[in-house]
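Trainee: Could you take me through this structure? I would like to begin with its aromatic residues.

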Amino acid sequence: MMDSGASHNFISRKLVDVLGLPIDETVKFGVCLGDGGRVACTGICKRLVVDLRQCNILIDTYVFELGGVDLILGIDWLRTLGEVVVNWEAMRMSFKLGTETVTLTGDPSLNRTVTSMKSLLKTAEVDFSGLLWNVTVEETMGQREHPSRELAELLRRYEDLFDTPRGLPPPRKQDHAITLKEGYGPVQVRPYRYAHHQKYEIEKMVAEMLQSGVIQPSCSPFSSPVILVKKKDGSWRFCVDYRALTTSR
């Protein structure tokens with residue numbers, strides 16, 4: 001990992017032990033971390049050759065516990081590069097090494113993102129040869145543990161509005177109708193082509209809605225295709241494309 005906020009180069013004690021690297025003694029000092037904590041340095045690995053694929057570099061690295069990171073390249077090495085061109089979105093940096101231009105690209109799969117338990121359970125439904133999760137709990141500062149008395153009373157009074165729909169809406173005094181333009185007949189749009197996993201998801205959601213009674217079988221001459229829209233938590237939102245019907249109104 002490259003970190004312009006790190007004053008020196010650091011290597012994890014675990015990696016040093018695995019590779020059997022020699023450790024030289026150094027002056028005892030502590031390293032201040034981003035969270036305000038301090039970690040004691042346990043030595044230095046001098047003239048360590050690091051293969052960056054595009055080039056090899058020779059650096060001195062201080063040894064201490066890095067958690068899930070093996071190596072940190074800090075300002076001690078970055079300042080030797082001179083002018084550096086960085087594209088943060090593409091995770092790419094370029095610099096001159098002698099007469100050659102070296103370009104290093106990050107691995108997007110190593111990025112950590114916040115996700116929900118629902119999204120994790122959805123991922124587990126897919127067939128994998130192996131699946132490894134690293135789960136941490138993020139606490140929100142200042143978040144109320146319990147709703148206020150007024151909010152709790154409001155939710156209790158209208159709790160039926162938050163129930164999962166069961167069956168079709170009750171009959172109304174005025175039935176809704178869509179009046180088509182003159183010359184337009186029933187709007188029929190063929191279903192789109194879906195990937196196999198999307199087709200399975202559509203059939204599953206339709207079966208669930210039929211079972212709960214929110215939809216019912218129909219022989220209507222009108223038809224509009226289904227579109228699945230990805231939610232932020234990784235699940236799918238069932239939508240219907242009524243654009244053709246809208247243009248005929």
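Mentor: Phe10 and Phe64 are both buried, where buried means under 20% relative accessible area, exposed over 50% and partly exposed in between (1.4 Å probe, protein chains only). This is a predicted model, in which local features need pLDDT of at least 70, side-chain atom pairs count only at pLDDT 80 or more, and totals for chains, interfaces and linings use all residues. Residues are numbered from 1 along each chain as its sequence is written, and side-chain values use heavy atoms, with hydrogens and water left out.

Trainee: How many aromatic pairs does the structure hold?

Mentor: It holds three. Rings of Phe, Tyr and Trp (its six-membered ring) pair if their centres lie within 6.5 Å; planes under 30 degrees apart count as stacked, over 60 as edge-to-face and the rest as tilted.

Trainee: Why is the pair of Phe10 and Tyr62 tilted?

Mentor: Their planes stand at 45 degrees, with the ring centres 6.5 Å apart, so the pair is tilted. Phe10 lies in strand β1 and Tyr62 in strand β5, 52 residues apart; strands (E, at least two residues) are DSSP runs, numbered from the N terminus.

Trainee: And Phe10 with Phe64?

Mentor: That pair is edge-to-face, at 5.0 Å centre to centre and 90 degrees between the planes. Phe10, Tyr62 and Phe64 form one aromatic cluster.

Trainee: Changing topic, how do β7 and β8 run?

Mentor: Strands β7 (residues 84-87) and β8 (residues 92-97) run antiparallel, joined by four bridges; strands pair if DSSP finds at least two bridges between them. Asn87 has Arg92 in β8 as its bridge partner.
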